[in-house]
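Please look through the protein chain shown here and read the briefing that follows. The points are grouped by topic.

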Amino acid sequence: MVENFFNLNKTYLFWLVAVFVFIFGFSTPLGSAAQISTVLIIVGCVLFSKDILKLDKTLFFLMFFLLYDLFICFLWLTLFSTYDYDIVPTKINFILSIFATYCLVFCVFRYIEERAFYKFLLIVFGIQLFFICLMLLNSDIANFILDNTKNQIVAERMQSDYGGARGLGIADSAAFGFSTTIGLFLFFTFYAFSQKYINTLLFLFLATIGVFAAISAGRVAIFGAAFGALYL
């Protein structure tokens, strides 16, 4: 079943793009690309396996509570003539994100071998590292990516406060959230190497470039490398 879910000839590129955007996200004129990716992941996973819709009790009650909360929020704003529905899209996005995460976890644990899963994650990590290094080496490319993928206020703050050294990469977040994600990926790199899922050459490459990216991402990312080294 692994080949059916991560098939290089048919769906591998789709899942790479969808998961990359789902994890990191970036701003577009239509809103966050992560929201679009969330919908694609749900549709793709449901089409791949109808069993996803058979929710266990914990998830069922969680989704029921979140939908109930959304309904009460919408009803309250309408009945009391407030009509300030700004919070509603945020709640809908949260519900869809929870379900998309469940879909991914469901497919990973049911259809994908652990080795294939970590290799896939590290490819996603490698793509982000590529963009970070590209932005470090070329300021024009960095400015273009920042202007077109990040909130303008955030991009300007990163440029003015850190001289272009922070907030690199394609991601919605430019600080703590992004730094935490890079730290987790660095730890996954050490774990994958300890389990012999990747060879020494690839490990050294990802770990070295990842540490440079972690310095740019923030202090929290360094902990990922530190904990990974301790684990190893």
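K91 forms a salt bridge with D69, the closest N and O atoms being 2.6 Å apart; a salt bridge here is a side-chain nitrogen of Lys or Arg within 4 Å of a carboxyl oxygen of Asp or Glu. The pair links distant parts of the chain, with K91 in helix α5 and D69 in helix α4, 22 residues apart. This is a predicted model, in which local features need pLDDT of at least 70 and side-chain atom pairs count only at pLDDT 80 or more, while totals for chains, interfaces and linings use all residues. Residues are numbered from 1 along each chain as its sequence is written, and side-chain values use heavy atoms, with hydrogens and water left out.

**The chain as a whole**

- The chain has 11 helices and two strands; helices (H or I, at least four residues) and strands (E, at least two) are DSSP runs, numbered from the N terminus.
- Read from the N terminus on, the order of elements is α-α-β-β-α-α-α-α-α-α-α-α-α.
- Of the 232 residues in the chain, 40% are buried; buried means under 20% relative accessible area, exposed means over 50%, and partly exposed is in between (1.4 Å probe, protein chains only).
- Among contacts (heavy atoms within 4.5 Å) between residues at least 6 apart in sequence, 69% join residues at least 24 apart.
- The chain exposes about 13,400 Å², and carbon and sulfur atoms supply 70% of this area. Accessible areas come from the Shrake-Rupley method with a 1.4 Å probe, and for residues only the protein chains shown count as cover.

**Charged pairs**

- The count of salt bridges comes to three.
- In the pair already described, K91 is partly exposed, with a relative accessible area of 22%, and D69 is partly exposed at 28%.
- D51, K54 and R110 are linked in a network of salt bridges.
- R110 lies in helix α5 and D51 in the loop between α3 (33-48) and α4, so the pair ties together parts that are 59 residues apart in sequence.
- K54 is exposed, with a relative accessible area of 63%, whereas D51 is partly exposed at 29% and R110 is partly exposed at 47%.

**The nonpolar core**

- A nonpolar core is a set of buried Ala, Val, Leu, Ile, Met, Phe, Trp, Tyr and Cys residues joined through side-chain atoms within 4.5 Å.
- The largest one has 65 residues, and those with the most contacts inside it are F24, I41, I52, V124 and I182.
- Helix α5 (residues 87-111) gives the most to this core, with 11 residues.
- Leaving aside neighbours within four places in sequence, I182 is in contact with residues including F24, F125, Q128 and I132.
- Q128 is in helix α6 (residues 114-137) and counts as buried because its relative accessibility is 0%.
- With neighbours within four places in sequence left aside, Q128 is in contact with F20, F24, G169, I170, F178 and I182.

- F60, F61, F64, Y68, F71, I72, L75, W76, L79 and F80 make a nonpolar surface patch of about 1,100 Å².
- Patches are made of residues with over 30% relative accessible area and no salt bridge; like charges are joined within 9 Å, and nonpolar side chains (Val, Leu, Ile, Met, Phe, Trp, Tyr) within 5 Å.
- Y68 lies in helix α4 (residues 57-79) and counts as partly exposed, at 47% relative accessibility.
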